[in-house]
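Student: I'd like to go through this one with you piece by piece, if you have a moment. Could you bring it up?

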Amino acid sequence: MTDVRTTPESAAPTESIPTPDSLGLKEMREVIRNIPGYMSRLRDKHGPVVRIPMGKDEVFLLSDFDVVQDVIVASSRRFDKDTKKTGPGPDDWGANLETILGRNVLGKGLVTSVGTYHRRQRRLIQPVFHRKRIAGYGSAFAAIADEASAGFTDGEKFNFHESMYELALGMVTRTLFDVSLESEAAESIRTAFPREGGPLRWELSPFGKILLRLPLPANRQLKRGLKNIDDIVYAMIEERRQGSGDGADLLSVLLTVTDADTGEHLTDLEVRDEAVTLLMAGHETSSGALTWAYHLLGTNPETRERLHSEVDEVLGDRLPTVEDLPDLKYADAVYSEALRLYPPAWNLVRRSLEDYTANGFHIPRNSVVICSPYVLHRDPAWWPEPERFAPQRFLADADPSDPLAGHAKAAGRPRLAYLPFGAGPRQCIGNVFAQMEGVMALATLSRHWEFEPVDKGPVRVASDITLQPRGGLEMIAHRRR
């Protein structure tokens with residue numbers, strides 16, 4: 001195991017940490033087009049600790065699994081979400097939500113809150129995502145995906161990512177608020193935020209703060225959308241507080257949460273912040289993951305046929321249930337491999353609260369440290385042919401002769417070699433929910449449909465908040481014969 005606990009006095013000075021050359025304007029433009037790929041190349045060229053020139057902040061990319069384990073899990077209280085904005089920093093890497101998205105949209109939900117407040121909120125909310133409770137939403141996932149599949153037309157070219165956005169939004173509005181996608185509330189939620197990010201991503205650019213102050217249509221739309229969402233959520237909170245209190249949707253369950261020490265419930269503001277956080281995180285991440293999964297299946301026909309065979313054998317013509325999940329092993333492996341290649345939370349950013357040592361190098365207090373699942377998921381030591389789509393990596397009973405089979409590396413693989421939902425005290429609280437939602441949707445849609453990418457070449461990736469195909473992704477729907 002790597003020694004990450006040497007004293008700062010015995011560590012090599014910060015200046016000795018491998019550092020790439022400063023980028024010119026042309027190189028910077030190329031980097032911005034594919035920031036995750038650039039960071040992966042930094043690890044390949046400079047090693048597991050890299051100092052990145054980023055204006056006033058000291059920024060370090062950490063890719064040693066033991067160091068990442070220490071930062072994210074074992075010594076997590078020595079680090080926290082970055083809430084300091086002192087110039088170019090992690091916001092420029094699409095990792096930090098403590099800008100307009102955090103302040104005005106998510107408030108102090110689990111994604112953006114820090115310190116003791118975050119620990120309290122997580123302790124209170126964790127029971128909401130108990131496995132048995134989440135299992136109860138399985139039939140809704142399948143039914144909503146089946147409704148979506150009824151809208152496909154054989155041979156039609158369409159924006160598949162847009163369809164998955166609608167599907168994921170339908171799933172989260174049903175389970176969170178118990179409303180359908182056709183409802184007035186869902187329509188207000190759907191139109192609240194400009195697509196492709198708009199103002200939510202402008203602050204990532206050098207001129208973002210100027211753009212946010214201008215009376216632009218997208219800024220006005222965001223302001224109106226936030227008010228609409230607040231009006232909807234607070235009205236639902238009031239309705240449920242006046243009701244019987246036995247609702248099964250997540251919003252109703254949040255209202256029953258009680259602090260064991262004080263006996264207090266969450267305030268309306270706290271419930272609002274957590275509900276909006278679940279709303280945003282739930283559809284943004286799942287829509288991207290399903291889009292990438294079907295893009296990968298579309299360019300790997302043998303894998304797609306194996307998925308179809310499993311779905312046919314397990315389901316026939318019926319919808320999947322939660323009881324089918326143990327038999328949908330290949331569907332689960334497909335979704336897991338898509339998350340490996342395109343982890344929604346592709347960057348985990350922390351600020352060091354004290355001096356730290358990583359691989360013998362001194363990391364000063366108040367530095368920004370980046371632990372990137374995108375980079376870690378491409379370590380060839382544990383993921384041979386890391387850019388290849390190979391679901392068998394996640395199958396314990398895969399062909400023993402296959403060098404990419406799950407059993408080949410799983411025995412010695414570091415725990416955090418795969419962390420699509422993060423890890424430690426800030427791990428995505430809805431990770432079980434998200435995995436089940438994705439596999440159920442994948443199995444449901446694949447019963448009758450397959451999708452062919454219009455462009456077989458590489459897809460441009462938007463890496464601002466989550467990994468999404470930039471500009472959407474055109475696919476052709478084909479009904480299975």
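Student: Where is I32 placed?
Tutor: I32 is in helix α1, residues 25-33, where helices (H or I, at least four residues) and strands (E, at least two) are DSSP runs numbered from the N terminus. Keep in mind that this is a predicted model, in which local features need pLDDT of at least 70 and side-chain atom pairs count only at pLDDT 80 or more, while totals for chains, interfaces and linings use all residues. Residues are numbered from 1 along each chain as its sequence is written, and side-chain values use heavy atoms, with hydrogens and water left out.

Student: Is I32 buried, exposed or partly exposed?
Tutor: I32 counts as partly exposed because its relative accessible area is 48%; buried means under 20% relative accessible area, exposed over 50%, and partly exposed in between (1.4 Å probe, protein chains only).

Student: And which residues make the nonpolar surface patch?
Tutor: L23, M28 and I32 make a nonpolar surface patch of about 240 Å². Patches are made of residues with over 30% relative accessible area and no salt bridge, with like charges joined within 9 Å and nonpolar side chains (Val, Leu, Ile, Met, Phe, Trp, Tyr) within 5 Å. A salt bridge here is a side-chain nitrogen of Lys or Arg within 4 Å of a carboxyl oxygen of Asp or Glu, and accessible areas come from the Shrake-Rupley method with a 1.4 Å probe, with only the protein chains shown counting as cover for residues.

Student: Switching to the whole chain, how much of it is buried?
Tutor: Of the 481 residues in the chain, 55% are buried, and the accessible surface comes to about 20900 Å², of which 53% belongs to carbon and sulfur atoms. The secondary structure comes to 19 helices and twelve strands.

Student: What share of the contacts joins residues at least 24 apart?
Tutor: Taking contact as heavy atoms within 4.5 Å, 75% of the contacts between residues at least 6 apart in sequence join residues at least 24 apart.

Student: Okay, α7 next: how far does it reach?
Tutor: Helix α7, residues 138-149, has twelve residues and reaches 17 Å from its first C-alpha to its last, close to the 16 Å expected at 1.5 Å a residue; the expected span is 1.5 Å times one less than the number of residues.

Student: Which of its residues are buried, and what do they pack against?
Tutor: In α7, G138, A140, F141, A142, I144, A145 and S149 are buried, and the buried residues of α7 pack against α6 (131-135), α8 (160-177), α19 (431-445) and β9 (449-453).

Student: What does A145 touch?
Tutor: Leaving out residues up to four places away in sequence, A145 touches L167, M171, A441, T444 and L445. A145 counts as buried because its relative accessibility is 0%, and its C-alpha is separated by 6.5 Å from that of L167, 22 residues apart along the chain.

Student: And how far apart are A140 and R174?
Tutor: A140 and R174 are 7.6 Å apart, C-alpha to C-alpha, and 34 residues apart in sequence.

Student: New topic: where is D178, and what is its phi?
Tutor: D178 lies in the loop between α8 and α9 (184-190), and its phi is near 60 degrees, a positive value in a residue other than glycine. D178 is classed as exposed because its relative accessible area is 52%.

Student: What about the phi of N359?
Tutor: The phi of N359 is near 55 degrees, a positive value in a residue other than glycine, and N359 is in the loop between β6 (356-358) and β7 (361-363).
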